[in-house]
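Please find below a short note on the structure shown here. The points take up strand pairing and then helix packing.

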Amino acid sequence: MANLLDQLAAMTVVVADTGDIDAIRQFTPRDATTNPSLILAAAQIPSYQPLIDEALKGARAVIGPEAPAEQVVLEALDEISVIFGTEILKIVPGRVSTEVDARLSYDTEATIAKARKLIGLYADRGVGRDRVLIKIASTWEGIRAAEQLEREGIHCNLTLLFGFAQAVACAEAGVTLISPFVGRILDWYKKSTGRASYPGPEDPGVVSVSQIFNYYKTYGYKTEVMGASFRNVEEIIELAGCDLLTIAPALMDQLRSTEGELVRKLNSFDPAPTEAQLQLDAASFAAMLAADPMASEKLDEGIRGFSKAIETLEAQLAHRLAELEGAAAFQHAAQEIFLLNDLDGDGCITREEWLGSDAVFDALDTDHDGRLLPADVRGGLGVPLALQGV
């Protein structure tokens, strides 16, 4: 009998949820998706350091030799996303999802501009629009950006989707794909109810994705449903037949090593009974989202989490840029970081002054005194250089 992964692939498009190119090569899925957390994890793998260096050098060439390090790092973030995506597309026959900076999640115009830039960078590498999905957070502003981008032929994957209101608005906007987060929904309900576990059919994440899938198929929406963020194999089994499922390598390996009959649970040609069709405007969307504490809390948490991953990656890129360009570049970058945050000019940075995330402040504040001195910033960024002029 065929293993569960092979049976799943016969009824659902299997997508690799990883930035690890070697893992994608091992499982040969049709599509792949990444996010800042996954790229951050992949960036720790030594064999990928040449890709990081390529992005930093390319960003410096674009920005110019006199530009401050933080501008180079911002440019490099886009370069890294596209470089990783391009490498992935050498392996998968389908599409790669590339994420817009989560810090733009509530800015429609900035999201549109970033998406166009990413598509342009892919085009420079000979990758057509048909092979890229732009990942955007499922805020009202993000959905409106996706609606415009779809009109331009830029296909979108709406991520951080937890609630039915988000799913309805995405379908009405005509987006290509949505990624409801199955496991994170389960996490919220386990914490909220105190339950240690749910049987597969009762798993709140499974119930949510099944509801969305049946709604889409009943009313003929073109938007595809890609279940994401799984916590266990049972969730995947209960969603067999979904349009797509994006699965981490560890769970794919578990499916591949398990034999048994896999039963189709979702059928686009025979959807289960569903709700009456809805049309949402900004006000009704906001009201539905506010009425769903799980969805609103997890959306906010997800945006903050992805934003922190970006900030951490930025710090690592600044460190690596300094190594590539020498002490002068690091000295310039570190000095600017310190001066930017020392708002009252007293030679130290308090938590109230710090403009970045609490996680980064805590990482730099190694003596836990609530204050960052030049030495703390220097040490935290990993290069033992004095900050002249501070």
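1. Two strands pair if DSSP finds at least two bridges between them. Strands (E, at least two residues) and helices (H or I, at least four residues) are DSSP runs, numbered from the N terminus. The model is predicted: local features need pLDDT of at least 70 and side-chain atom pairs count only at pLDDT 80 or more, while totals for chains, interfaces and linings use all residues. Residues are numbered from 1 along each chain as its sequence is written, and side-chain values use heavy atoms, with hydrogens and water left out.

2. Strand β1 (residues 13-17) runs parallel to β8, and four bridges join them. Within this pairing, V14 has L245 of β8 as its bridge partner.

3. Strand β7 (residues 224-227) also pairs with β8 in the parallel sense, over two bridges. Here G227 is the bridge partner of L245 in β8. Between β7 and β8 the chain passes through helix α11 (residues 233-238), in a right-handed β-α-β crossover.

4. In strand β8 (residues 244-247), L244 and T246 point one way, whereas L245 and I247 point the other way. All are buried (under 20% relative accessible area, with a 1.4 Å probe and protein chains only).

5. Helix α4 (residues 49-63) packs against helix α14 (residues 293-325) at an angle of about 80 degrees, their axes being 10 Å apart. Therefore α4 is roughly perpendicular to α14 (the term covers 65 to 115 degrees). The contact comprises five nonpolar, one polar and five charged residues.

Technical notes. Axes are lines fitted to C-alpha atoms, for helices over the stretch in contact, and angles run from 0 to 180 degrees between N-to-C directions. Angles under 35 degrees count as roughly parallel, over 145 as roughly antiparallel, 65 to 115 as roughly perpendicular and the rest as oblique. Ala, Val, Leu, Ile, Met, Phe, Trp, Tyr, Cys and Pro count as nonpolar, Asp, Glu, Lys and Arg as charged, and the others, Gly among them, as polar. Buried means under 20% relative accessible area, exposed over 50%, partly exposed in between (1.4 Å probe, protein chains only). A crossover is right-handed if, with the strands pointing away from the viewer, the path from the first strand over the helix to the second runs clockwise.
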